[in-house]
Amino acid sequence: METMNPYLVLSLLLFLVGTTGFIVKKNVLAMFLCVELMLNAANLAFVAFARDLGHLQGQIFVFLVMVVAAAEAAVGLAIMIVLYRRRQTLNPDDADTMKG
């Protein structure tokens, strides 16, 4: 358990940085990157637990999270490109309506 603590602390710090950035930032692209940082923090915790407990489930969850992150990146970037083309901004406050 002692060898796992630095990984969990690093995971917690990454998650806190991602959460803070998501709350503070006013740019959709920066918010998107902060979500990716939070997902990677969760991946680090999954790998630490999988290694410490000797189970494979944590590593399988990492692949699941990576697939979700890749899908999120594809859809999110497409939405941001359309939003920027129509509104000429990436400020989330300007994208409060879904009307085209």
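Visitor: At roughly what angle do the axes of helix 1 and helix 2 cross?
Guide: Helices here are DSSP runs (H or I, at least four residues), numbered from the N terminus. Axes are lines fitted to C-alpha atoms over the stretch in contact, with angles from 0 to 180 degrees between N-to-C directions. The two axes come within 8 Å, and helix 2 spans residues 28–53. Their crossing angle is roughly 165 degrees.

Visitor: What kind of model is this?
Guide: Residues are numbered from 1 along each chain as its sequence is written, and side-chain values use heavy atoms, without hydrogens or water. Local features need pLDDT of at least 70, side-chain atom pairs count only at pLDDT 80 or more, and totals for chains, interfaces and linings use all residues: the model is predicted.

Visitor: Are helix 1 and helix 2 roughly parallel or antiparallel?
Guide: Angles under 35 degrees count as roughly parallel, over 145 as roughly antiparallel, 65 to 115 as roughly perpendicular and the rest as oblique. The axes cross at roughly 165 degrees. The pair is therefore roughly antiparallel.

Visitor: How far apart in space are Val17 and Leu37?
Guide: Val17 sits in helix 1. In sequence, Val17 and Leu37 are 20 residues apart. From C-alpha to C-alpha, their distance is 7.9 Å.

Visitor: Is Val17 buried or exposed?
Guide: Buried means under 20% relative accessible area, exposed over 50%, partly exposed in between (1.4 Å probe, protein chains only). Val17 has 52%, so Val17 is exposed.

Visitor: What is phi of Gln88?
Guide: Gln88 lies in the segment after helix 3 (57–87). Most residues other than glycine have a negative phi. Gln88 has a positive phi, near 60 degrees.

Conventions: Helix = DSSP H or I, 4+ residues; strand = E, 2+ residues; numbered from the N terminus.
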